[in-house]
Amino acid sequence: MRLCPGSDVEKLLVANNISCMASGSVGNQVKYYFFAQKVGVTFLEEKSNYPQGDIFFMVEIIISLTSYELVAKIRCRDSKAGEEFTEHLESVLNQVADKSA
């Protein structure tokens, strides 16, 4: 996914209940590390289908400062919840995606 220049990914994700643990620049890249948790209701405000307890998501986002290309890696122990979270993350990030790319 390519972002619009000047997009504030950290602010956008934090506003959508995805918390930033760390961020920093390395060469011509910016790296972010986020986490989210599904408790009782999902990150989408729906009833949880996971009675076994809370589900945690770890997200690494790397953005090229030259091309504004974004790559995200998501870790979750529950594959179904991971797929749902991936869809949610994509819908949030599409708000700052470069539609002309």
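The legends below describe close-up views of one predicted model.

In this model, local features need pLDDT of at least 70 and side-chain atom pairs count only at pLDDT 80 or more, whereas totals for chains, interfaces and linings use all residues. Residues are numbered from 1 along each chain as its sequence is written, and side-chain values use heavy atoms, with hydrogens and water left out.

**View 1. Overall layout of the chain.**
Two helices and four strands make up the secondary structure, in the order α-β-β-β-β-α along the sequence. Helices (H or I, at least four residues) and strands (E, at least two) are DSSP runs, numbered from the N terminus. The chain has 101 residues, of which 32% count as buried; buried means under 20% relative accessible area, exposed over 50%, and partly exposed in between (1.4 Å probe, protein chains only). Among contacts with a separation of 6 or more, 53% are between residues 24 or more positions apart, a contact being heavy atoms within 4.5 Å.

**View 2. The largest nonpolar core.**
This core has 21 residues, and Val-9, Leu-13 and Ile-61 have the most contacts inside it. At least two core residues come from each of H1, S2, S3 and H2. A nonpolar core is a set of buried Ala, Val, Leu, Ile, Met, Phe, Trp, Tyr and Cys residues joined through side-chain atoms within 4.5 Å. Beyond its neighbours within four places in sequence, Leu-13 is in contact with Ile-18, Phe-34, Ile-61, Leu-89, Val-92 and Leu-93. In soluble globular proteins, nonpolar side chains tend to be buried together.

**View 3. Aromatic pairs.**
Two aromatic pairs are found in a search of the whole structure. The Tyr-32 and Phe-34 rings are stacked, because their centres are 5.7 Å apart and their planes lie at 25 degrees. Tyr-32 and Phe-34 are both buried. The Phe-57 and Phe-85 rings are also stacked, with centres 4.4 Å apart and planes at 10 degrees. This second pair links distant parts of the chain, with Phe-57 in strand S3 (residues 55-64) and Phe-85 in helix H2 (residues 79-93), 28 residues apart. Phe-57 is buried at 0% relative accessibility, and Phe-85 is buried with a relative accessible area of 0%. Rings of Phe, Tyr and Trp (its six-membered ring) pair if their centres lie within 6.5 Å; planes under 30 degrees apart count as stacked, over 60 as edge-to-face and the rest as tilted.

**View 4. The salt bridge between Arg-2 and Glu-69****.**
The whole structure has four salt bridges, each a side-chain nitrogen of Lys or Arg within 4 Å of a carboxyl oxygen of Asp or Glu. In the bridge between Arg-2 and Glu-69, the closest N and O atoms are 3.3 Å apart. Arg-2 lies in the segment before helix H1 (9-15) and Glu-69 in the loop between S3 and strand S4 (70-75), so the bridge ties together parts that are 67 residues apart in sequence. Arg-2 is partly exposed at a relative accessible area of 35%, and Glu-69 is partly exposed at 29%.

**View 5. A salt-bridge network of Lys-38, Lys-80 and Glu-84****.**
Salt bridges link these three residues in a network. The closest N and O atoms of Lys-38 and Glu-84 are 3.1 Å apart. Because Lys-38 lies in strand S2 (residues 29-38) and Glu-84 in helix H2, this pair ties together parts that are 46 residues apart in sequence. Lys-38 is buried at 2% relative accessibility, whereas Glu-84 is partly exposed at 21%.

**View 6. The salt bridge between Lys-73 and Glu-60****.**
The N to O distance between these side chains is 4.0 Å. Lys-73 is in strand S4 and Glu-60 in strand S3, 13 residues apart. Lys-73 is partly exposed at 42% relative accessibility, and Glu-60 is buried at 18%.

**View 7. Confidence along the chain.**
The predictor's confidence in each residue is pLDDT, from 0 to 100. The chain averages 87, and 84% of the residues score at least 70. Among the elements, S4 has the highest mean pLDDT (97) and H2 the lowest (93). Over residues 44-48 pLDDT stays under 50, and the model has eight contacts beyond four places in sequence for this stretch.
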